[in-house]
Amino acid sequence: MKKSLFSIVVLFAFVNIALSEEITYRKHIKPIFDAKCLSCHGSDSAPEYYAFKEEKEKWMSKGVGMRMDTYSHLIFYTAWPDTGALMRRLDDGKNTKDKQPGNMYKYLGSTEEERQKNLQLFKAWVGNWTLKRWPEITKEELNGIKVKY
């Protein structure tokens, strides 16, 4: 009994340490992005945002999206100017009206457990996980977006 209780206490201590660690782009997000997203959103395959928008059908027929392989690119789709785009695409849909996940959620992992784990890291990195677009977001909500380098 004492051994089981001790094991549980130790487990919670490790979980608490992991949860209290500051999530950063370099240490946590970039490795996930490189493993799960780079082939369609990297500099060798994807165009810049405005080039993508000009020829959206062409790029989509090739199965690639906009370039997102740097910290600066991800900020573009998180805070401004395409506020919330990253969150809308990666969200699991649990808090949306239609309960549908974003179109890129399935790429966060090969299992639901892996997808949820990676989603939680993205959520912790972003801070204020909002699906709102630029015209809808308040200054206070925007200030809640962390995205540490």
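Me: Where is threonine 78 placed, and what makes it count as buried?
Reply: Threonine 78 sits in helix H6, where helices are DSSP runs of H or I with at least four residues, numbered from the N terminus. The model is predicted, so local features need pLDDT of at least 70 and side-chain atom pairs count only at pLDDT 80 or more, while totals for chains, interfaces and linings use all residues. Residues are numbered from 1 along each chain as its sequence is written, and side-chain values use heavy atoms, with hydrogens and water left out. Buried means under 20% relative accessible area, exposed over 50%, and partly exposed in between (1.4 Å probe, protein chains only). Threonine 78 has a relative accessible area of 0%, so it is buried.

Me: What does the side chain of threonine 78 reach?
Reply: That side chain reaches the backbone oxygen of leucine 74 at 2.7 Å. A polar contact is a pair of N or O atoms within 3.5 Å; within protein, one must be able to donate a hydrogen and the other to accept it, and residues adjacent in sequence count only if both atoms are side-chain atoms.

Me: Why is threonine 83 called buried?
Reply: Its relative accessible area is 1%, so threonine 83 is buried. This residue is found in the loop between H6 and H7. A polar atom of its side chain lies 2.5 Å from the backbone oxygen of alanine 79. Contact means heavy atoms within 4.5 Å; leaving out residues up to four places away in sequence, threonine 83 touches Thr78, Arg88 and Trp134, among others.

Me: Which residues touch the most other members of the largest nonpolar core?
Reply: They are Leu74, Tyr77, Leu86, Phe122 and Trp125, out of 31 residues in that core. Elements giving two or more residues to this core include helix H6 (71–78) and helix H8 (112–126). A nonpolar core is a set of buried Ala, Val, Leu, Ile, Met, Phe, Trp, Tyr and Cys residues joined through side-chain atoms within 4.5 Å. Neighbours within four places in sequence aside, leucine 86 is in contact with Thr78 and Trp125, among others.

Me: Are cysteine 37 and cysteine 40 buried or partly exposed?
Reply: Cysteine 37, at 12% relative accessibility, counts as buried. Cysteine 40 has a relative accessible area of 29%, so it is partly exposed.
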